[in-house]
Amino acid sequence: MAHAHESNTKRIWTVFGILSIITIVEVAFGIVKPKFLVDTPFLGMNLLNWLFIILTIVKAYYITWAFMHMEGETKSLKWSVVA
């Protein structure tokens, strides 16, 4: 029983670390706003906005994977929940 607790604790800290790193990257880009990302249009938006959208989807995927206990589900089901 103790082993399962350690495993869950490690998993939670791993997901926390991943989500924290992504959030720090988002905040850093939001503060710095690199000129090449702001001035480069792509499909009607600048690249900085696309970067934020992609990073937010990645965070949503990890939240779905870890906290909704969907790590054992098919990729299509996980992506449909994220979408």
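I began with lysine 35, which is exposed in this predicted model, with a relative accessible area of 63%. I then looked for its partner and found that the side chain of lysine 35 meets that of aspartate 39 in a salt bridge, at 2.9 Å from N to O. Aspartate 39 I noted as partly exposed, its relative accessible area being 45%.

Next I asked myself how many salt bridges the count comes to. The count is two, and the other pair I looked up joins the side chains of lysine 59 and glutamate 26, with 2.8 Å from N to O. This pair links distant parts of the chain, since lysine 59 sits in helix 3 (residues 47–67) and glutamate 26 in helix 1 (residues 2–32), 33 residues apart.

Are these two residues buried or exposed? Lysine 59 has 18% relative accessibility and counts as buried because the cut-off is under 20%. Glutamate 26 is buried as well, with a relative accessible area of 12%.

I went on to helix 3, which has 21 residues and reaches 30 Å from its first C-alpha to its last, close to the 30 Å expected at 1.5 Å a residue. Its buried residues, as I listed them, are Leu48, Leu55, Lys59, Tyr61, Thr64 and Ala66.

Last, I checked both ends of helix 3. After the helix comes histidine 69, for which I noted a positive phi, near 55 degrees.

Notes: Residues numbered from 1 in each chain as written. Predicted model: local features only at pLDDT ≥ 70, side-chain atom pairs only at ≥ 80, totals over all residues. Heavy atoms only, no water. Salt bridge = Lys/Arg side-chain N within 4 Å of Asp/Glu carboxyl O. Helix = DSSP H or I, 4+ residues; strand = E, 2+ residues; numbered from the N terminus. Buried < 20%, exposed > 50% of the residue type's maximum accessible area, 1.4 Å probe, protein only. Expected span 1.5 Å × (residues − 1).
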